[in-house]
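Trainee: Could you help me see where the words used for helix packing come from?
Mentor: Gladly, let's look at an example together.

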Amino acid sequence: DCTENNVDDLLKYKLVGGGYYAQIQLITDGKVVTDGLLPTTINVGEVFAVIGHSISEGQEPYVITDFDKTWCQIKLWPIPGANPSFWGRVADYTKKKMNVPVLIYNTGQGGTTSIQWGKSAYGEQFENKIYDWKIRYPYARFEQSLLTDMTKTGLRAIFVIHGENDYNDAENDIVYYTKRYIQKTRDLIGQPNLPFMISLSNAGQDTPDQIKVRRAQARMLKEIDYTYEGANLQAIKDGGMRWDGVHYNFAALEIAAIQWKEVLTPLFFQVSKPFIPAN
């Protein structure tokens, strides 16, 4: 029974975490003349975003597409070839564990390094054939999604998958520029304790370049506030699991999703403080 005076009150509800099928009724003279469900669900749950290289972005044809698309949404870049990688499976696991819908922004960008993300966040020069530092790519692309979409939906945490492209960079630089793009992200939304989950991402070999990357990732967890250990992706060894020595095949995608499942514990959701939009 909507009137001009009470329609605003009728449209304001406080919902707890969960998924809802909204029912709309039109009542005339005390009788229901229209009764039906909205074509889309209303989801109140957990939201994540991704910063990383091609392993996070996903490499066709190795993509997991069989996940619950009603309550698990993977938002992709609006470009050809964008895919959910293994994030749909991560969303499935999280939905079952927390009993709420899950949204993940797959904002990873292939061919990037930690240094490129850190420099581009502040418009600093670097050399790369794919990304133009003058327009602050790759970070500016993530920034646009952050300010346009994530400030509306909120964010529980940001997943970081870097490492394989960092082998040729200095340990101190990896840590420093990771800290810089984390700081930039937190500053943009005014959330100084926004959680970042740093994955242990490398091929798991005891070579100097991979050992260096592992040291850098361990240091991030100690030197950057409000960072949490992410998936143990170094458990995914070469020898068939990484079809080209770096990227994951189908079996590896499943393992990666399980590794994220292991770190997204009830305790993490208790101690982490999400970004919740003001309105």
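Mentor: We begin with axes: these are lines fitted to C-alpha atoms, for helices over the stretch in contact, and angles run from 0 to 180 degrees between N-to-C directions. Helices (H or I, at least four residues) and strands (E, at least two) are DSSP runs, numbered from the N terminus. The model is predicted, so local features need pLDDT of at least 70 and side-chain atom pairs count only at pLDDT 80 or more, while totals for chains, interfaces and linings use all residues. Residues are numbered from 1 along each chain as its sequence is written, and side-chain values use heavy atoms, leaving out hydrogens and water.

Trainee: How many helices and strands are there in the protein chain?
Mentor: The protein chain has 9 helices and 10 strands.

Trainee: What is the angle between α4 and α6?
Mentor: Helix α4 (residues 114–121) packs on helix α6 (residues 171–189) at about 45°, and the axes lie 8 Å apart.

Trainee: Why is α4 called oblique to α6?
Mentor: Angles under 35 degrees count as roughly parallel, over 145 as roughly antiparallel, 65 to 115 as roughly perpendicular and the rest as oblique. The angle of about 45° makes α4 oblique to α6.

Trainee: Which residues of α4 and α6 make the contact?
Mentor: Contact means heavy atoms within 4.5 Å. Among them are Ile 115 and Trp 117 of α4, with Ile 174 and Tyr 177 of α6.

Trainee: What classes do the residues of this contact of α4 with α6 divide into?
Mentor: Ala, Val, Leu, Ile, Met, Phe, Trp, Tyr, Cys and Pro count as nonpolar, Asp, Glu, Lys and Arg as charged, and the others, Gly among them, as polar. On that basis the contact of α4 with α6 has 6 nonpolar, 3 polar and 4 charged residues.

Trainee: And why are α6 and α7 oblique to each other?
Mentor: The axes of α6 and helix α7 (residues 208–223) cross at roughly 40° and come within 9 Å. The two helices are therefore oblique to each other.

Trainee: Which residue classes make up the contact of α6 with α7?
Mentor: There are 5 nonpolar, 2 polar and 6 charged residues. Val 175 of α6 and Met 220 of α7 are among those making the contact.

Trainee: What share of the protein chain counts as buried?
Mentor: Buried means under 20% relative accessible area (1.4 Å probe, protein chains only). Of the 279 residues, 48% count as buried.

Technical notes:
Buried < 20%, exposed > 50% of the residue type's maximum accessible area, 1.4 Å probe, protein only.
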